[in-house]
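These are my notes from looking up two places in one structure. I began with a single side chain and then turned to a helix.

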Amino acid sequence: MIVVMKPQATEEQIQQVIQRIEDYGLRVHLSKGTEVTILGVIGDDRIINRDQLVHMEGVDKLIPVLKPYKLASREFHPEDTVFEVKGVKIGGEQVVVIAGPCAVESREQILEAAQKVKEAGAHMLRGGAYKPRTSPYSFQGLGEEGLKYLKEASEKTGLPVVTEVMDIQTLPLVSEYADVLQIGARNMQNFPLLHAVGESQKPVLLKRGMSSTLEELLMSAEYILTHGNQQVILCERGIRTFENYTRNTLDINAAPALKMLSHLPVFIDPSHGTGRWELVEPVSRAAVAAGADGLIIEVHPRPDQALSDGAQSLTPERFASLMKTLVPVALAVGRSL
């Protein structure tokens, strides 16, 4: 349930309503918009005497929230969520581009990649130190050594770091180096990990599972939000279908659909979404046109030598070209790059 306050409600009246709700043993999520204030009731609101609550001073109306995801829904939080990561505003007017290699392979590789994507206009640096791979024989990442290289690249370029955390055990270590914690598609419903990253209070980029619905993605975000961590990015990275020309089928519908259902920022991953570098540029343009708040793109100095995902990685030169072509698309939909 949400409590909609009258536009002229005073701060004292708002606090009185919050206190009344908390007296029932429930929690309140406060959302102040430009015109009205909304109080989201968290918990089993059936115990509330609604007749008393609706007649309190300053209360306009009570609205039941029917969606299973409460905190992630537009009803709870009508305004877009916007937050900053080391000066980079997520969810605002600017389309944010995260770029870098799939995996950190060496100090020289990540330093070169970071410098190249920075020069091309990227806002944040991606790179995996721990890699969940389908085959146990594939490159699994450099671990803490890779994290140290990412940190050095970040310090040299000023780009905030986005890197994947795979389990609770390595979360404290990864959190020391990462500015944004990435939850990969395979871990979207790893509920203990979702609780843990929620408690960490660090920004989280949550990728959609390869066979998950949008509602399931939002329910996973709900786990993080219940800990008071509002810094969550939803990421569409393609879903598994019968099509085998591309690595996945990128659900471009997800961008506008999630923006309607939720207040959280929405990013698109055209690299995993297609698995083919030739498709990354046109799909990136489509994502921006569809309303995505950002992109996460794989860029490798030498894709033909990459230890993972070389086929879907752009060269620095192709990435620079892509960034230029995104500018007019962003402008056409009232955004900037």
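This is a predicted model: local features need pLDDT of at least 70, side-chain atom pairs count only at pLDDT 80 or more; totals for chains, interfaces and linings use all residues.

Entry 1. I placed D269 in the loop that runs between β13 (266–268) and α9 (270–274).

Entry 2. I then asked which polar contact the side chain of D269 makes with another side chain. I found the side chain of H272 as the partner, at 2.9 Å. I also noted that a polar atom of the D269 side chain lies 3.0 Å from the backbone nitrogen of S271. Leaving aside residues up to four places away in sequence, I listed K207, C235, E236, R237, L250 and I296 as residues that D269 touches.

Entry 3. I turned to α1, residues 11–23, and checked its length. This helix has 13 residues and reaches 18 Å from its first C-alpha to its last, close to the 18 Å expected at 1.5 Å a residue.

Entry 4. I asked which residues of α1 are buried. I recorded Q13, I14, V17, I18 and I21. These residues lie on the same side of α1, because they cover an arc of only 140° around the axis. E12 and D23, on the other side of α1, are exposed.

Entry 5. I looked up what covers the buried residues of α1, and the cover includes β1 (2–5), β2 (27–32), β3 (37–42), α2 (50–54) and β4 (59–63).

Definitions and conventions:
Residues are numbered from 1 along each chain as its sequence is written. Side-chain values use heavy atoms; hydrogens and water are left out. Helices (H or I, at least four residues) and strands (E, at least two) are DSSP runs, numbered from the N terminus. A polar contact is a pair of N or O atoms within 3.5 Å; within protein, one must be able to donate a hydrogen and the other to accept it, and residues adjacent in sequence count only if both atoms are side-chain atoms. Contact means heavy atoms within 4.5 Å. The expected span of a helix is 1.5 Å times one less than its number of residues. Buried means under 20% relative accessible area, exposed over 50%, partly exposed in between (1.4 Å probe, protein chains only). The arc is that of the directions from the helix axis to the C-beta atoms.
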